[in-house]
Structures are given as C-alpha cells and as structure tokens.
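Hi everyone, thanks for making time for this. Please have a look at the sequence and the model on the screen, and then I'll walk you through what I found.

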Amino acid sequence: MDTNFSLTVIGSILSLIGVIFIVIPKVVNEKTMNDLPADAVDSSAFFRSANGGLGLALGLVAIYCRDLPPEFAKTVLLSLGTGCIVVNLVLISGKIRGFGDELPIPPIVVFTLITILAYYTALV
C-alpha cells in the first residue's frame, strides 16, 4: 500500500479526533463518561482538550510526513502504529487498574485499525 495514502488517512483521523476533543471537550466527556460530578466537568474538559492537542499534533506529523520517501515514511508509520498500540494498552490498563467500569470500545477499535493500516503499509 502507498505510504502517502496511509499517512494521509491516519493523519486525517488523528487530526479530526484532536479537533473534536479541543472544540467540544465537554460534549465528548458527556458521551464517554457517565455521571461525571459537576465539580469535575471543567478539569475533565481541560484534560480532554490536552489529549486533543496531542491527537492533532500526531495527525499533523503524519500529514506533513506523507511526502517522505517510502523508506522514511515507513519508519514514521511504524512509529505511529507502535504509538497506537501503547494508547490501546493504556486504555485497557485503566480498566485493569480500576479507573473505570467499562472498556472504551470505540477508541480501542479506531487505534487498532490505525495500527493495522500503519503496520501493513510499513511492512508490506
């Protein structure tokens, strides 16, 4: 698969998630966290926005790197894929460590798909 295409797709997805987290963090929190105490709404929105900044930054890195020669782009893809594995492990560890009652399935699915695309493109 073409590295340019994969980096564009991954960059677009991460950038979109980042922008959503930055622009409407309270709405995202309402959809993802049930029964959030009123005194935690603003601090949770702050951390959701910070996560959005990280997502947007990684998305922009992917987009800016899409025109690299394939041998360098594959290194970026392996790095992004590995980063997504780390994110999934952290999400799963939150459940194991008792930080929540449920696994956040949608982000786990998204990061798994990004990982598959990144590794498939980089290794084939």
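**The largest pocket**

Let's start with the largest pocket, which is lined by 36 residues, and R48, N51, L91, P104 and P107 are the ones that lie nearest its centre. Which elements give two or more residues to that lining? They are α1 (3-23), α2 (25-32), α3 (41-64), α4 (70-96) and α5 (105-123). The volume of this pocket is about 1,400 Å³.

What do I mean by a pocket? On a 1 Å grid over the protein atoms alone, a pocket is an open set of points with protein on both sides within 12 Å along at least five of seven lines, whereas a cavity is a set where a 1.4 Å probe fits but cannot get out; a lining residue has an atom within 4 Å of a point. For the volume, grid points are joined across faces, edges and corners, and we take the space filled by probe spheres set on the points.

Sorted by type, the lining has 20 nonpolar, eleven polar and five charged residues. Here Ala, Val, Leu, Ile, Met, Phe, Trp, Tyr, Cys and Pro count as nonpolar, Asp, Glu, Lys and Arg as charged, and the others, Gly among them, as polar.

A word on where this comes from: this is a predicted model, so local features need pLDDT of at least 70 and side-chain atom pairs count only at pLDDT 80 or more, while totals for chains, interfaces and linings use all residues. Residues are numbered from 1 along each chain as its sequence is written, and side-chain values use heavy atoms, with hydrogens and water left out.

**The chain as a whole**

How many helices and strands does the chain have? There are five helices and zero strands, so from the N terminus on the order reads α-α-α-α-α. Both kinds of element are DSSP runs numbered from the N terminus: helices are H or I with at least four residues, strands E with at least two. Along the principal axes, the C-alpha atoms fill a box of roughly 50 × 30 × 15 Å. Of the 124 residues, 31% count as buried, meaning under 20% relative accessible area; exposed is over 50%, and partly exposed is in between (1.4 Å probe, protein chains only).

**A nonpolar patch**

Now to the surface. M1, F5, I92, I96, L103, I105, V109, L113, I116, Y120 and V124 form a nonpolar patch, with about 1,100 Å² of accessible area together. Patches take residues with over 30% relative accessible area and no salt bridge, joining nonpolar side chains (Val, Leu, Ile, Met, Phe, Trp, Tyr) within 5 Å and like charges within 9 Å. The areas come from the Shrake-Rupley method with a 1.4 Å probe, and for residues only the protein chains shown count as cover.

Helices α4 and α5 each supply at least two residues of the patch, and α5 gives the most, with five. L103 sits in the loop between α4 and α5 and is partly exposed, at 34% relative accessible area. G100 is also placed in the loop between α4 and α5, and its C-alpha atom is 9.2 Å from that of M33, 67 residues away along the chain.

**One salt bridge**

The structure holds one salt bridge, a term for a side-chain nitrogen of Lys or Arg within 4 Å of a carboxyl oxygen of Asp or Glu. The partners are K26 and D42, whose closest N and O atoms are 2.9 Å apart. Because K26 lies in helix α2 and D42 in helix α3, the pair ties together parts 16 residues apart in sequence. K26 is partly exposed at 39%, while D42 is exposed at 53%.

Helix α2 also holds N29, which is buried at 2% relative accessible area.
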